[in-house]
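Here is a short briefing to read alongside the model you have open.

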Amino acid sequence: MGCCNKECGLIAGAVIGAVVAILGGVLIPVGNRIIKGTVEKESVIEPGSTAYDNWVTTGAAVYRQFWLFDVKNPVEVVQYGAKPVVVEKGPYTYRTRYLPRANITFNPNDTVSFLLPLNAIFEPAMSVGPEEDKVTSLNLAVAVIHPFLNALIKSSNSSLFQYRTVKELLWGYKDPMLKSTLGVFVPYNNTYDGYYTVYTGKEDISRVGIIDRWRGERSLPYWNDTYCDMINGTDASSFPPFLDKKKPLYFFSSDICRSVSASYEKTMDLKGIKVYRYTLLPSTLASPTVNPDNRCFCKNPKTTKNCTLAGVLDIGPCKDARPIYISLPHFLQGSPSLREAILGLNPSEEHHQTFLDVEPTTGFSLRFAKRIQLNMMYGPSNVITVLEKVKDYTVFPILWMNETAALDEATADMFKKELISRIQMLEIIQQSLLGTGLTVFALCLIFYCVVRRRRSKSMF
């Protein structure tokens with residue numbers, strides 16, 4: 001009778017273990033649905049959601065760091081046609097995007113429209129020197145002149161290069177030749193980028209943050225080509241949740257007047273949070289001979305060596321036809337001829353590559369570094385005195401910029417508490433139930449077999 005009770009107890013234990021294991025197994029898809037539902041709800045851009053709070057006001061501080069290229073042999077370049085020798089000077093750091101999105105308007109078709117305010121505040125403690133530091137750089141006015149202005153160049157005592165403060169070059173100065181305000185970022189402060197219109201994700205979470213329109217249009221007016229004029233993806237501050245590392249992320253950047261994609265590189269740990277790192281592929285700025293999709297970005301075969309020049313993007317079509325070229329810093333991934341024409345450049349993947357660190361469950365960008373270089377082109381001329389000794393068209397680097405932001409400790413702790421810890425707790429409960437149930441089931445089954453064998457032996 002005792003053995004019978006023991007066997008019954010072991011059978012009951014095995015059944016209970018099996019039930020607990022099944023409960024743990026059932027909780028896995030149920031828990032995944034709970035997680036998915038919670039993330040989708042909190043990712044919608046609408047008042048009250050986690051995404052909305054972080055979307056309206058940038059959580060982490062965003063900085064723009066500038067390195068300017070200081071020309072060390074301006075006289076030799078102009079008088080003898082020597083190659084420019086440059087030395088990088090910086091960083092000069094400014095805090096940007098500290099104002100919330102403006103004129104937020106929710107539309108009936110599950111989209112929301114807004115403006116991005118543009119302002120910059122100098123951060124002396126994060127800079128190598130004051131804004132009054134001076135550098136010798138390309139004369140912006142001379143770079144955009146026409147041949148008939150040669151007399152004007154002489155009368156204003158202008159040359160191919162000029163000596164300006166960092167503040168003047170970035171934010172503007174009164175040019176003595178053109179009698180107007182010039183600067184790399186003129187105008188910038190107290191201006192806006194947009195309007196943007198993006199999907200809220202309310203009806204379809206896979207479209208949250210995707211740009212529907214920019215400045216009221218669904219395509220760009222610059223490239224006269226369906227492919228190059230496409231506005232793809234988000235603004236890179238976030239992406240639709242539940243990332244698939246096999247698929248690239250698409251985003252639009254008004255700074256370079258085009259959409260680009262980034263591909264998964266590796267998984268990293270950011271303050272205890274798993275993130276996917278995405279980087280730009282070399283094909284992004286490859287020459288059309290390597291990436292035919294870039295053919296429509298090549299507008300001037302003469303200055304781009306018959307569209308074989310890699311690593312630069314002529315954004316003149318969106319900058320009033322000025323000879324402005326965008327590249328990665330120090331012409332990283334660019335044609336060797338770009339670096340051969342300018343002495344002193346040292347490209348580095350570590351320091352000059354653009355990347356995004358994105359949390360894969362929510363799609364939030366938790367750290368990023370957008371690194372781009374602004375260049376202008378000048379070329380030989382028989383009628384402009386300061387260009388007479390120039391031997392070939394030269395893409396000259398003015399500065400490079402690192403726009404960057406990273407999750408701070410307080411936000412990381414909040415993120416882990418509100419999302420990661422809940423997901424981990426649910427996973428622990430799932431695994432505990434499954435593991436405990438299977439263990440109890442296995443032990444009870446083993447002991448049951450042992451008891452039955454002993455009882456069988458005692459009967460003989």
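**Spaces, cores and a loop residue**

In this predicted model, there are four cavities of 30 Å³ or more. The largest cavity holds about 940 Å³ of space, and the largest pocket about 1,000 Å³.

**The largest cavity**

- Its lining is made up of 49 residues, and Thr 58, Ser 237, Ser 238, Ser 365 and Phe 368 are the closest to the centre.
- Strand 18 provides the largest share of this lining, with six residues.
- Sorted by class, the cavity lining has 28 nonpolar, 13 polar and eight charged residues.

**The largest pocket**

- About 1,000 Å³ of space lies here, and of the 37 lining residues, Val 184, Phe 185, Val 186, Pro 187 and Lys 319 are the closest to the centre.
- Strand 18 gives the largest share of the pocket lining, four residues.
- The pocket lining counts 23 nonpolar, five polar and nine charged residues.

**Nonpolar cores**

- The largest nonpolar core contains 102 residues, and those with the most contacts inside it are Phe 66, Tyr 94, Leu 138, Leu 160, Phe 396, Ile 398 and Leu 399.
- Strand 19 contributes the most to this core, with seven residues.
- Another core, of nine residues, lies apart from the largest one and includes Ala 51, Leu 366, Leu 407 and Phe 415.
- Beyond its neighbours within four places in sequence, Phe 396 has contacts that include Val 71, Pro 84, Leu 138, Phe 161, Ile 342, Leu 374 and Tyr 378.

**A closer look at Thr 354**

- Where does Thr 354 sit? Look in the loop between helix 8 (349–352) and strand 17 (355–358).
- Is Thr 354 buried or exposed? Its relative accessible area is 8%, which is under 20%, so Thr 354 counts as buried.
- The side chain of Thr 354 comes to 3.0 Å from the backbone nitrogen of Arg 371.
- Leaving out residues up to four places away in sequence, Thr 354 touches Tyr 278, Thr 279, Leu 280, Leu 328, Ala 369, Lys 370 and Arg 371.

Technical notes:
Residues are numbered from 1 along each chain as its sequence is written. This is a predicted model: local features need pLDDT of at least 70, side-chain atom pairs count only at pLDDT 80 or more; totals for chains, interfaces and linings use all residues. Side-chain values use heavy atoms; hydrogens and water are left out. Helices (H or I, at least four residues) and strands (E, at least two) are DSSP runs, numbered from the N terminus. Buried means under 20% relative accessible area, exposed over 50%, partly exposed in between (1.4 Å probe, protein chains only). A polar contact is a pair of N or O atoms within 3.5 Å; within protein, one must be able to donate a hydrogen and the other to accept it, and residues adjacent in sequence count only if both atoms are side-chain atoms. Contact means heavy atoms within 4.5 Å. On a 1 Å grid over the protein atoms alone, a cavity is a set of points where a 1.4 Å probe fits but cannot get out, and a pocket is an open set with protein on both sides within 12 Å along at least five of seven lines; lining residues have an atom within 4 Å of a point. Grid points are joined across faces, edges and corners, and a volume is the space filled by probe spheres set on the points. Ala, Val, Leu, Ile, Met, Phe, Trp, Tyr, Cys and Pro count as nonpolar, Asp, Glu, Lys and Arg as charged, and the others, Gly among them, as polar. A nonpolar core is a set of buried Ala, Val, Leu, Ile, Met, Phe, Trp, Tyr and Cys residues joined through side-chain atoms within 4.5 Å.
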